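Have a look at the sequence and the fold below.

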Amino acid sequence: MTHDFIDGLAEARLLAIIRGADAAAALAAGTTLIEAGVRYLEVSLVTADAADVIRALVDASAGRALVGAGTVLTTADVDIAAAAGARFIVTPAVSESLPASVERGLPVIAGALTPSECVAAMAQGATAIKLFPASSGGPDYLSALRDPLPRTPFVPVGGVGAETALEYLRRGALAVGVGSPLLGDAVSGGDLGALVTRAERYLAGVASVPRNEGPHV
């Protein structure tokens, strides 16, 4: 399952991150992204009624997209995410949720920033590293990390704009995780048509970067 997850994310190149205080709006935004062709969606557990949103998006995806849970910190969070049908886990840090997810057989994109954190996360069974907050070092920092860690799959998250996303991919990112620059006000009931336009821009952009510039996984 891990290799399938990595291969699929490497092909999709884009992970959409849904986080909001309005469950209905979060669900509408996620459904809109699936219809627009986004294949990987993360629903943060800080989202209102997150488990219900995950469950509904899994049903709505009908196999067209993989829906996971984000901001997963504890073993209890893993239990909630798994019960809702999440197919992968995203953590903001190296925490107890990492080994708990691995034990369940769920792929984990583990939050890390420093080389020590990245190595520790991979040693505990992480499938990929959520480089967070990526904006603190930008694409240059990703390049610096990949010099000693060329086989580590990195997914930069945090302030990833449409143009910055392309640069991260050119520097070897497996994929990019995008929240507010993509979702905008859609998670609070905003314009879903504008969300489709942003999604199409991101999808076209990431598709323009050849995969052979990515990590050697």
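Helix α1 covers residues 2-12, and its buried residues are F5, I6, G8, L9, A10 and A12. Buried here means under 20% relative accessible area, with a 1.4 Å probe and protein chains only. Helices are DSSP runs of H or I with at least four residues, strands are runs of E with at least two, and both are numbered from the N terminus. Just after α1, R13 takes a positive phi of about 70°.

A quick word on the model: it is predicted, so local features need pLDDT of at least 70, side-chain atom pairs count only at pLDDT 80 or more, and totals for chains, interfaces and linings use all residues. Residues are numbered from 1 along each chain as its sequence is written, and side-chain values use heavy atoms, leaving out hydrogens and water.

Now for the rings. The structure holds 3 aromatic pairs, and here are two of them. Rings of Phe, Tyr and Trp (its six-membered ring) pair if their centres lie within 6.5 Å; planes under 30 degrees apart are stacked, over 60 edge-to-face, and the rest tilted.

| Pair | Centres apart | Plane angle | Type |
|---|---|---|---|
| F5 and Y40 | 5.8 Å | 75° | edge-to-face |
| Y40 and F88 | 6.3 Å | 50° | tilted |

Ring pairs link F5, Y40 and F88 into a cluster. F5 and Y40 are both buried, and F88 is buried too.

What about the nonpolar cores? The largest has 60 residues, with I18, L33, V176 and L182 making the most contacts inside it. Such a core is a set of buried Ala, Val, Leu, Ile, Met, Phe, Trp, Tyr and Cys residues joined through side-chain atoms within 4.5 Å. A second, separate core of 17 residues includes I6, A10, L66 and V90.

Terms used. Buried means under 20% relative accessible area, exposed over 50%, partly exposed in between (1.4 Å probe, protein chains only).
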